[in-house]
Amino acid sequence: MSSSLPLPVGASAETSPSLSRKDVQTLGLSALGGTLEFYDFVIYVFFATVLGKLFFPVDMPDWLRQLQTFGIFAAGYLSRPLGGIIIAHFGDILGRKRMFTLSIFMMAVPTLVIGLLPTYASIGVAAPLLLLAMRVLQGAAIGGEMPGAWVFVAEHVPAKRYGFGVGALTAGITGGILLGSLVAMAINRHYSPAEVGDFAWRIPFILGGVFGLISVYLRRFLHETPVFQELAKRRTVARELPLKTILREHRAACVLVALLTWVLSAAIVVVVLITPTYLQKVHGIAPTLALEANAVATLMLTLGCVLAGWASDRIGTRPVMLIGFGGLVLTSYLFYTGLPGTPSSLIWSYGLVGLFVGSIALVPIVGVRAFPAAVRFSGLSFAYNMSYAIFGGLTPIIITLWLQKDTLAPAHYVAALAALGFVLGLVPMSSRGYQKK
């Protein structure tokens, strides 16, 4: 079977154990694109309240308006699997670079369009429908971008720098959340609430769209991965539908990646996206302080991704999974049980748990090499996006309902999933996969 060829991740490992100038350029352009694309995807949530007022009737009950606004946001998650499967399918057949460039184009254009959309006051019900359509396209794009970026970089960097390369790229992607938070803070500080509702809310979307299109242009300078070039040369590019091969021959890898993605979604959605609101509503922490602490945690998350990738190259994937996810169990309880605390203790403990959230970089490190090269893009994309669509969408609902009975629900949920990540670190496939020893 063509899909069983054990082509290694990091095809240039024999000739150069360190990152070449070309590798650094590839990693830099990929990370930049990932940052901008994830920024485009999450900036919506930072302006959800404003969007709700502008894109739905004025006389609509506030709870219903917010429900529909976040429903449109969730549509981006639901469209991830389909977009990811389609983009990955052609990525395994036509090449990684083409789909890698297409995904960011598919994100940049809808983001720019959102920034230019007329509101409900101008075109009525067509406004939220257009907003929904743009979110669906964004979700399809992010579904292809993240697995595509991980595969693209993993197949470029030398094997001995594989973990660092994937970790640094993941840091760039999560940096999009930090960028979105900083831009939202800047807009709200520079403009009055009336100005934000009038025109300033459009600025972050227009900027995201423009810079995304610039990133599309810059990705023209990237080259196809050596692994895919070797596959094409050997005529071993997947001949049948890659997803069919995956479901027949790589079910264990799909389960492993899906479970690890559950761990990733819990850490990101709860610790990074939900907690700022949790701090304000449950513990009465001022919005400005909550956002500042969140920015610190997100910065530490970005650094943690690089550290986890670097460490996996030095001491192996399994020890880093045990240390990283074990540390996340402990620091999540340390953080949530210490609330509200003082401003300094809040920032310190939130930053510490954010650092261990960086262990999520181990998910793509394990996931990319869990599949052979001929179906790698499709395998990772299918398992990752299906899992994220389910658990990423259910997590806010689970936490919201659980909080009605226990204010430590976020700690219990994150710790339980981190413990699952710890256990998965003991699975042989987590530290092995399709690579050269």
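A residue counts as buried under 20% relative accessible area, as exposed over 50% and as partly exposed in between, using a 1.4 Å probe and protein chains only. Leu401 counts as exposed because its relative accessibility is 58%.

This is a predicted model, in which local features need pLDDT of at least 70, side-chain atom pairs count only at pLDDT 80 or more, and totals for chains, interfaces and linings use all residues. Residues are numbered from 1 along each chain as its sequence is written, and side-chain values use heavy atoms, with hydrogens and water left out.

Here is the protein chain as a whole:

| Property | Value |
|---|---|
| Secondary structure | 20 helices, zero strands |
| Buried residues | 55% of 437 residues |
| Accessible surface | about 17,200 Å², 71% from carbon and sulfur atoms |

Helices here are DSSP runs (H or I, at least four residues; strands are E, at least two), numbered from the N terminus. The areas come from the Shrake-Rupley method with a 1.4 Å probe, and for residues only the protein chains shown count as cover.

Back to Leu401, which is found in helix α18 (residues 376-402).

Now for a helix pair. The axes of α15 (residues 317-337) and α19 (residues 409-424) come within 8 Å and cross at roughly 170°. The two helices are therefore roughly antiparallel to each other, a term for angles over 145 degrees. Their contact (heavy atoms within 4.5 Å) involves residues including Phe325, Leu328 and Tyr336 of α15 and His412, Val414 and Phe422 of α19.

Terms used. Axes fitted to C-alpha atoms, helices over the stretch in contact; angles between N-to-C directions. Parallel < 35°, antiparallel > 145°, perpendicular 65-115°, else oblique.
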